[in-house]
Amino acid sequence: MKWRILHFFRIAAWLLFCALPAATFAPQALAAKGSVRLTVAFSPGGALDGAARALAREAEKELGVDIVVQNMPSGAGMTAVAQLAADRADGTRLAVCAGNALLLLPRTNDVPYDPLTDVEPVIVFGQASPVLVTRPDAPWKDWESFLEATRKSGGKMRIGVPGLGTPSHTALAMMAGKDPALAWRFIPFGGPGEAETALLGGHVDAAASGALPRIGQGQLSPLVILAGTRLDALPQVPCLADGGFADPGRGDASFFLLAPKNVPEETLNRLEAAFVRAAASASFRKTLEHFSVAPVLMKRQEAKAFLAGAWKEEDAGLRAADLPR
């Protein structure tokens with residue numbers, strides 16, 4: 001009788017174990033460390049920061065560990081990626097960045113990492129379509145009048161961008177490369193939030209933004225979508241293609257979740273599964289509606305192939321923007 005009771009409890013325990021979701025059992029290294037550090041390669045308040053924090057909240061539920069988010073805005077993403085490339089490879093150190101830190105900046109700057117070998121894409125979880133905005137009381141009320149004012153200013157118009165080499169800066173530089181009369185002065189900031197603050201303070205004439213609520217509330221006036229297609233949320237605002245300008249490319253504007261190289265395969269698989277579920281959640285998708293970000297989702301192998309393909313295509317954009325290579 002005692003044996004039967006013991007056997008019953010063993011079976012019950014095993015069935016309970018099997019019924020629990022696989023994500024409950026985080027990798028041993030994650031459980032031992034107690035938390036995961038997720039570095040955001042921009043300052044607080046922008047689209048990448050908002051999307052990353054929403055992603056972390058959902059992924060915590062899947063992994064069963066705390067995810068501590070920190071911002072590292074310097075170097076347009078280079079600093080955060082460099083730190084990650086040199087960090088310990090146990091799955092407790094992750095970073096999110098826009099693709100420019102992996103595609104453009106390594107070609108135009110002396111960076112201490114190889115984007116194709118020193119970091120491992122876990123997923124791609126969005127694609128930004130930055131919006132060039134101005135103040136509601138600005139003398140230019142639309143994109144055409146802003147272009148006209150630029151041509152008459154003799155190079156005095158200032159545009160705030162979230163770092164040199166970011167997708168919005170590249171898009172604008174490509175435009176200026178095609179039309180020499182568009183001689184803007186680019187003022188780099190640590191992220192879109194800082195650029196918006198400078199705009200509202202009168203320190204720049206326009207800024208690259210992704211904050212749709214501020215636009216919807218009338219705090220910022222949209223001029224143009226700095227991508228090849230219009231936004232559903234702003235259907236009346238023109239995009240680059242409407243003016244005959246080139247799209248800087250999906251790769252630079254894509255949001256990557258990265259791990260260091262040499263993270264164990266089992267750990268990478270569990271991280272991928274948890275973050276894929278997080279990125280597919282209704283809560284995360286709802287967060288993206290507040291920013292000019294499309295809900296693109298690529299798993300690990302697709303993200304790696306996408307990065308490799310975008311790396312080969314980057315030279316064309318650099319030539320169009322007349323940026324050094």
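**Legends to the close-up views**

**View 1. Overall burial and fold of the protein chain.** Of the 325 residues in the protein chain, 54% are buried (under 20% relative accessible area, with a 1.4 Å probe and protein chains only). This is a predicted model, in which local features need pLDDT of at least 70, side-chain atom pairs count only at pLDDT 80 or more, and totals for chains, interfaces and linings use all residues. Residues are numbered from 1 along each chain as its sequence is written, and side-chain values use heavy atoms, without hydrogens or water. The protein chain holds 14 helices and eleven strands (DSSP runs: H or I of at least four residues for helices, E of at least two for strands, numbered from the N terminus).

**View 2. Contacts and surface of the protein chain.** Take contacts (heavy atoms within 4.5 Å) between residues at least 6 apart in sequence: 77% join residues at least 24 apart. The accessible surface is about 14500 Å², computed by the Shrake-Rupley method with a 1.4 Å probe. Carbon and sulfur atoms account for 56% of that surface.

**View 3. Helix α8, residues 167-178.** α8 has twelve residues. From first C-alpha to last, α8 reaches 17 Å, close to the 16 Å expected at 1.5 Å a residue (1.5 Å times one less than the number of residues). Ten of the twelve residues are buried, leaving α8 mostly covered. Among the buried residues are P167, H169, L172 and M175.

**View 4. Cysteines C97 and C239.** C97 is buried at 1% relative accessibility. C239 is buried too, at 5%. The whole structure has zero disulfides (pairs of cysteine sulfur atoms within 2.5 Å).

Key:
Buried < 20%, exposed > 50% of the residue type's maximum accessible area, 1.4 Å probe, protein only.
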